[in-house]
Amino acid sequence: MSHLRTLASRTAALAATAGALALVAAPTPAQADESNPNNYECLGHIGRGQPEPGSEEQQVQYTFYCDGPITGYQLQTQIPLTGIQSPPLVTNKEGKPTTDSFSCSGEIPGYALNCVGVGKSGYETITGQFAIASKLCVEPRVDPLLTITYAYLEKGAITQAISGPFDLGRPSGCRPDAYSGSTRLNPKPLHKKHKKHKKKH
């Protein structure tokens, strides 16, 4: 049953992407940006989110931007998601909201949120939230991986490009601990504190 739900979710995502292309005149890569849509660069981070009315769960805010237009993205977490905020906010380089938008969904509880829509320009900032059952700064701290997609028309056919994964890192604003400086894509040895032994006289 889980496989059927996953297949249905992916089919719906593809259908939504095709629908977005039909409604929006998505530019070709050459028109949109010189960046290769299969090799975009994206940067982002996560932190404490805004409380959701009627929910006591920990809200996590994510923020990222890429150097080219996108039509979808996925956040993959290593701890279960218990809620997904939709739609995220899309702002331009000046920090002003745009008419670009995304719709997000996913299996709850699950390990990924999937968003489809359109971000017409590079360097637009996308900000959204998801919920987790544990506290933000309690280990294991959530560390999501970002994968982005860009669907465009090329010679009358829909072409899909994918870039990532990009590591958004561990939550900002938490006290450093033994896992600080380590991420899922760049794990580092644990920082162990050595106890000082008192000399016996």
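## Salt bridges

A salt bridge is counted here when a side-chain nitrogen of Lys or Arg lies within 4 Å of a carboxyl oxygen of Asp or Glu. The structure shown is a predicted model, in which local features need pLDDT of at least 70 and side-chain atom pairs count only at pLDDT 80 or more, while totals for chains, interfaces and linings use all residues. Residues are numbered from 1 along each chain as its sequence is written, and side-chain values use heavy atoms, with hydrogens and water left out.

The model holds four salt bridges. Arg-170 pairs with Asp-177, their closest N and O atoms being 3.2 Å apart. Arg-170 also forms a salt bridge with Glu-139, at 2.7 Å between the closest N and O atoms. This second pair links distant parts of the chain, 31 residues apart: Arg-170 is in the segment after β9 (157–167), and Glu-139 is in the loop between β7 (125–132) and β8 (145–154). Strands are DSSP runs of E with at least two residues, numbered from the N terminus.

Arg-141 and Asp-177 meet in a further salt bridge, with an N to O distance of 3.3 Å. Because Arg-141 lies in the loop between β7 and β8 and Asp-177 in the segment after β9, the pair ties together parts that are 36 residues apart in sequence.

Residues are classed as buried (under 20% relative accessible area), exposed (over 50%) or partly exposed (in between), using a 1.4 Å probe and protein chains only. Both arginines are buried: Arg-141 has a relative accessible area of 8%, and Arg-170 has 17%. Glu-139 is partly exposed at 29%, as is Asp-177 at 25%.

How values were computed:
Helix = DSSP H or I, 4+ residues; strand = E, 2+ residues; numbered from the N terminus.
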